[in-house]
Amino acid sequence: MNKQQLAAKIWESANQMRSKIEANEYKDYILGFIFYKYLCDKEEQFAFKEGYAKEDLVSLSEDDNETVEYFKENIGFFIAYDNLFSAWIRLGRDFDVSNVRDALSAFERHISPAHKKLFDGIFTTLQTGLSKLGENAASQTKAISSLIYLIKDIPMNSKADYDVLGFIYEYLISMFAATAGKKAGEFYTPHEVSVLMSEIIAHHLKDKKEIQIYDPTSGSGSLLINIGNSVAKHIDNENNIKYYAQELKQNTYNLTRMNLVMRGILPSNIVTRNADTLEDDWPYFDENDPIGTYNPLYVDAVVSNPPYSQKWDNENKESDPRYSRFGLAPKTKADYAFLLHDLYHLRPDGIMTIVLPHGVLFRGGEEGAIRRNLIEQGHIDTIIGLPANIFFGTGIPTIIIVLKQTRDNTDVLIIDASKGFEKVGKSNKLRASDIKKIADTVIHRETIEKYSKVVSLHEIRENDYNLNIPRYVDSSAHEESYDIYATMFGGVPQSEISELDAYWQSFPTLKNDVFDDVVSQYTQLKTDNVTQTIMENGDIQAFITRFNTSFETLNSFLKKELLEQCQSLKIQREQTILANDIFARLENTPLIDKYEAYQILDDNWHTIATDLEIIQTEGFEATNQVDANMVIKKKNGKEVEEQEGWRGHIIPFDLVQTTYLQEELEALKIKEERLLEITALYEEIVESLSEEEKELEMVKESKDGFVNAQVAKEAKQIRAEIKKKVTFEEDSVELKILTVDELIAQEKALKKEVKEESIALHINTKKTIESLSDVQIYELLELKWIKPLENELTKLPNGIINTLVNKVQELAVKYETTLKDIEDEITATSKELSVMVDELDGGEFDMQGLKAFQELLGVK
């Protein structure tokens, strides 16, 4: 399984296993066990490097002080053999919850002094929560045993395995957050928001060789890790990134430490603290000697997603250097307190991003004064309005504010990104293209109609320092209007044709081809076939040609980038390289949205990146590998995992079949299609029978199989008699039954053939993959990675043209039927009704009623 499949499998099982335990609690247990397994695997790998054989691990004992100290000095901790995760697995049915209690307690005793701050109390939440996994020791043992068997296959032995482990850890956190309701905000920032903030920060820091980053409300640590991942695209040595984190809640603080450690970050680059950020500022010092080691913490970047509008104690904080320059946030809302804390810890050339509720942009009082000071002193760089309902547990609209300690300019970039998202379940989610567009707009500081605006300090002053986004950016959708004259008399208004000016400017001759008169205020379509006219236009043809010319070398570029360098390219940087190339090809092609192209790239990139990770970590020979296809089946009321055939480790079976085994595949498809035809034929015949005919025993037997021996015997006799006859009436029951019988016999024989040939094709595919040459593998990788991307990109011009065709047709249809036409039709219909009424006869009161109806129709 790849990391996505393994993560999904673990989540599905864990979600079932947690039973009635709250998701917010259960996450601490499973993530704690994953972390303990990580530490055990790390110790085993260190032992192997030191010359230990597998059977020598049993000698790892607390009684061997020299070994204990040696391990602690090198990896920061020591775990005795009996307490190793692998030892728990080997115990099988002898495993007991006491094994876990003893192991976690022993871990606390064997942390090196240098790692004490990093590891001290890291399993406290897990230790105290063991009793919640069952009512007694036996039920707790059963629950824990199921948990450790669930996670035992997570690989943790190499840098690549850390990536898999980190992905699974992040995946589980996100899934638990999705089910944790309002509590999710305590520990998780949605991945897409985290990536957006990270990309903005990473670009600002791209030229630095050493970087320090800080999250004062770190939660699970995901924000910090994503910044590290984004910065790593620009920095050569990831070990030059130092991470600072502070978190109030102990269980969440433990998640921060676990997450950072499991990413393979050097312990010396992880500095964490469990404390209240607002109450207890964190200039960096040694807790044992705060005065002698005092060193204020100033970093290159601060990122945070603090609790929104929470109460705080602002008494005696006036002299706090974090707030003294700008003002004190009201005690009912700590939003600006968190913001000013972050800003205080920035170096002069630093950058920060913070997620806050919309209210901080326009609320008055103390907050208004703080906002004014921040604006006048030039700290607020960018405001990004996010879509509503994007965070787990809250639907309130949020913003990201980008601030800097020093800036050359005084304006503020305001972005309304609230309309760019996709709906996923009940939540909204930023797409890759949305993230890219926002980040590019921030980096290039662009003003884009209905999306963003660089607002001058003068304009902000005129608005009394109110930064509410709608004051500066109107992102509302265009409301459809109706032209009064065209509604009455027909024709297409030039005012509405001019709304398509972007198309007419790109295709100068097209308007004359489509419309009769391009000068008068109202005109008509010149053509009955809008699609054909547009497609045959010279400018449109030139547009398509220009696009095709620009992209004709894309295939060779992608082959060089992805195929020729698949074992050596930098995966983290490659998507940016491909995106820049695609953007460059689109520079001289009007109308096509480059971010739509980016979304196509991103949709395809996940498959490519996963395969590249496997090739670079397992070797190119992994492309010839075939894995057992494991599926979950229910047996005796229990779910069990069984093998169901094989699957390509990288190369998909269906791709191999359509490329190299076409003849066998086509032959099989023909038989499968014939099977469907046979089934449809005899079902049609059976359905044509009357209800009485369906009750005949021979019909029942033919449809459903022999009901019993006596029925079978009778049916056989009847058929024997039927077959003696030479002819049957065309619609006779006898003929229908014989036809169905023949079809069922064909179906049975054909099913057997299809099954045998399917198995043979499956086995042949397995053998083919295992014997593929390098040339064949590169051909298949091109078909898997490059062709789908190329095919989707080449559809972009047609998308533009089809949109234009639809808009023109909508304009024509909009005014095709005028109000005068409708009025004339009503008048004619009324007259027809009146004539029909004149022909009616009835009593005195009937006739009075009919006369009144004619008056209502307006016909005398």
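Student: What volume does the largest cavity have?
Tutor: This is a predicted model, where local features need pLDDT of at least 70 and side-chain atom pairs count only at pLDDT 80 or more, while totals for chains, interfaces and linings use all residues. Residues are numbered from 1 along each chain as its sequence is written, and side-chain values use heavy atoms, with hydrogens and water left out. A cavity is a set of points, on a 1 Å grid over the protein atoms alone, where a 1.4 Å probe fits but cannot get out. Taking volume as the space filled by probe spheres set on the points, joined across faces, edges and corners, the largest cavity comes to about 40 Å³.

Student: Which helix gives the most to the lining of the largest cavity?
Tutor: Lining residues have an atom within 4 Å of a cavity point, and here they include Asp28, Ile122, Phe123, Asn251 and Met258. Helices are DSSP runs of H or I with at least four residues, numbered from the N terminus. At least two lining residues each come from α2 (23–49), α7 (124–129) and α12 (250–262). With 4 residues, the most comes from α12.

Student: How many residues in the lining of the largest cavity are nonpolar?
Tutor: Ala, Val, Leu, Ile, Met, Phe, Trp, Tyr, Cys and Pro count as nonpolar, Asp, Glu, Lys and Arg as charged, and the others, Gly among them, as polar. In this lining 4 residues are polar and 1 is charged, and the number of nonpolar ones is 5.

Student: Which helix supplies the largest share of the lining of the second largest cavity?
Tutor: The second largest cavity has a volume of about 30 Å³. Among its lining residues are Tyr36, Glu62, Phe78 and His110, and by class the lining has 7 nonpolar, 2 polar and 1 charged residues. The largest share, 3 residues spanning part of 97–109, belongs to helix α5.

Student: Is Asn389 buried or exposed, or partly exposed?
Tutor: Asn389 is found in the loop between β6 (380–385) and β7 (398–404), strands being DSSP runs of E with at least two residues. Buried means under 20% relative accessible area, exposed over 50%, with a class in between (1.4 Å probe, protein chains only). Because its relative accessibility is 23%, Asn389 counts as partly exposed.

Student: What value is phi of Leu591 near?
Tutor: Leu591 lies in the loop between α24 (571–586) and α25 (594–618), and at 29% relative accessibility Leu591 is partly exposed. Its phi is positive, in a residue other than glycine, and is near 75 degrees.

How values were computed:
On a 1 Å grid over the protein atoms alone, a cavity is a set of points where a 1.4 Å probe fits but cannot get out, and a pocket is an open set with protein on both sides within 12 Å along at least five of seven lines; lining residues have an atom within 4 Å of a point.
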